[in-house]
Structures are given as structure tokens and as C-alpha cells.
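The following paragraphs lead the reader through one protein model, beginning with a single residue and widening to the whole chain.

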Amino acid sequence: HPVTPRTSIIMPVHRTGGRVIGAIRSALAQTDPDFELLVLIDGSPEDSQQVRAFLAEHPDERVRVFDDEQNRGVSAVRNRGLDQARGEWVCFLDADDRFRPHYLATLHAFAADQGADVAACGHTLVRTTGEEQDRFRTPAGVLTGRQAAVKLLRDEMTSFVWDKLVRRDTVGDIRFLPDVHRGEDTVFCAAVLTAARRVVVVPSSLYEYGVGAGSLTWGRVTPPEESLRLMHGLARAVGDLLDAPEGRRAYTVTWVLIFLNAAQQSLMRRMLLPRLADSLSAEARQEESAQALAVIRDSRRRITWRQLAGTASAAPLYAAAGALLKLSPALYRLIYGSYVRRTYGL
């Protein structure tokens, strides 16, 4: 294999419960074989044992394993992967998900055909019931990088890193924010899209996203200061895009969405706490409940009526959700809980 592979696949690994082997198999099954797979184990001894046992039975020189005994978090691990990547292109794979076999080949073909720096695809949601649903946020076609960044800010393009193939020269020194642990993909994707000349959106679902309660970040409550760091990092990532009215309006949509998500996360965590009596003491549950309530109050305060009015034309659903959260958190929780059951089968 060449010293410089066509693609570097960056895969952080932390407490996958054995699902990491399926992810590795999906990478090794790519119809485009010119890649390296960087398996970055993030303080997860059980995963380390499973990965090394699998590779002992199925050796492949394209796989590079980085085993860190200390848990540093997904952003720091992905940054290490970017520092170590040797490929001309980079992409990401979560250790509990799967690539479809033509993921690399299809994205590369579209990128080459359109002279694009970024190629994005749809993904398939795999529910806990086994049901599957293809999801496409952006219509297929070609955009400038700035157009794509505005769409991301308006939530008309996904902020996931795993549904995008990016030219490594475009990534440059762009890295993930290590002190942001929810929504960390958003800032990275916004920076990459802003730096890109052309972006092509592929009309195919090439990635399988397995969803469960553990994958939906309800296991923690995001502090308000972390959400603020995310938004400040996002402003830096898109730079002078915010000088234009369209960019500022789009940024407001993301602001509303980020604090809606923080409130939703806290509402769901409070709903789940009574079920955790076996693993959390009464004092710990009470403390978490108080933290969640504080985040809900903060989120309601940070989403202003003026922002909701400005969001109404670009994202009417989020404007309505924000208004409901401000007026009645209890009713919002009921409606959001129903959405979670319907969408994710939980």
C-alpha cells in the first residue's frame, strides 16, 4: 500500500460494548481499498483487548491502533487522529456505527466529478427495534462552501462529521474544541465548510447510525458555560460570514437550537433519573435533578423572544419549540418525549 493513502478513516473508541468490531469490519469491507484506518482507543481496556484480538486473527497493514490508557474525550482523540492522518482525504467513523460498503468509493467519485473539497451523504437511522430509516437533510447538488456553512447554521445541513469526506488540505489546522463535549461536531464542520471552495451532496445513504439511549447524550447534563463556548467557537469558525444579514440570521437559528437541545437533554435526564436508583444514590439523583433544572432555567432565559421572532421565517419549528419551552416546560417535555419514542423507538 502507498505511504500516502487516499483516505484516512479516524475512529475514536470508548466503551462500545463490543460494537467496535462491526465498525472495523465495515471499514475493511470498503470497495475502495486505498485507505488507512486509525483506531484511537480512548481509555477503554475492554475495547483494546477486543480490537487487538480481532486484528491478531485478521491482520491488516492498513489499520493503525493508538491505545491511550487515559480517557481524554472524543474531541481530543479526533484531534490526535487528524495529527496522525497521512491520507489526502479524511473521514470519521463512530465505533458503534457502520459504513456502507460503497461509502468511500461513492463520496470520492462525486468529489472528483464536481471538483469538491467536501462530499456529504445521507445516513440510515437504525432503531433499537431493528427498523431502518434513510434520512437526508440537504437536497443533492453542489454548493459553495459558504452556502453550505449557512445551511449548516440553519440546520439545513447536518453537523455530523461522519457523513462527510473532506480534503485534508481543506482541514488544514482546523481542530475540534477539546472543552466542548456536546455538539463538538458543529464547530468543526462549520469551519471546514467555510474553508471549502465547493461542497457536493450525494443522493445516497452511505452510513448506518445505530441509536440507543446511550448514544443520545442523555447520560449527562451540558453546563450552560459549555453551550456558550460552543457558540463562541462557532462564531470564530465562520468568521466574516456573520457580517452578512443572512449569516447572522442563520447563527441565531443555531443559537436557539443549541439551547433547545440543552433543555431537551436536561428534561430527558430528569425523566430517566428515577430509573437509575440501582446505580445512583438518592443524593446523587437529587443533585443531578437540581443541575438539570438549572440548565432548563438558563436555556429558557438565553432563548429570547426577539431571537424567536428572527428565527420564525427560517426555522418555524424551532421558533415554535422555543416559545413552548419558555411558556410551559412541562408540556414541552411531554411533546418531546413523544417525539423520542416515535423517532428512535425508545
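Directly after helix 5 comes Asp155, a residue with a positive phi near 60°. The model is a predicted one, in which local features need pLDDT of at least 70, side-chain atom pairs count only at pLDDT 80 or more, and totals for chains, interfaces and linings use all residues. Residues are numbered from 1 along each chain as its sequence is written, and side-chain values use heavy atoms, with hydrogens and water left out.

Asp155 is not a glycine, yet its phi is positive. For comparison, most residues other than glycine have a negative phi. Asp155 lies in the loop between helix 5 and strand 9 (164–167); helices (H or I, at least four residues) and strands (E, at least two) are DSSP runs numbered from the N terminus. With a relative accessibility of 18%, Asp155 counts as buried, a term that denotes under 20% relative accessible area, whereas exposed denotes over 50% and partly exposed the range in between (1.4 Å probe, protein chains only). A positive phi also occurs at Arg15, near 50°. Arg15 is placed in the loop between strand 1 and helix 1 (20–28) and is exposed, its relative accessible area being 69%.

Helix 5 itself spans residues 145–153, and its buried residues include Gly145, Ala148, Ala149, Val150, Leu152 and Leu153. Among the elements that cover these buried residues are strand 8 (141–144), helix 7 (184–195), strand 10 (198–210), helix 8 (224–238) and helix 9 (245–272).

Strand 1 runs parallel to strand 2 (residues 35–42), to which seven bridges join it; two strands pair if DSSP finds at least two bridges between them. Within strand 2, Glu36 is the bridge partner of Ser8.

Which residues does Arg78 touch, apart from those up to four places away in sequence? Arg78, found in helix 3, is buried with a relative accessible area of 2%. Its contacts (heavy atoms within 4.5 Å) are with Ile10, Pro12, Phe92, Asp94, Val161, Phe176, Glu184 and Asp185.

Glu69 is exposed at 79% relative accessible area, whereas Gly73 is buried at 17%. The C-alpha atoms of Gly73 and Pro12 are 8.9 Å apart, although the two residues are 61 positions apart in sequence. Glu69 and Ser48, 21 residues apart in sequence, have a C-alpha to C-alpha distance of 9.4 Å.

The whole protein has 13 helices and 10 strands. Its radius of gyration, taken over C-alpha atoms, is 20 Å, close to the 20 Å given by the globule rule for 346 residues, so the protein is as compact as a globular protein of that length; the rule is 2.2 Å times the number of residues to the power 0.38. Buried residues make up 52% of the 346 residues. Of the contacts with a separation of 6 or more, 79% are between residues 24 or more positions apart.
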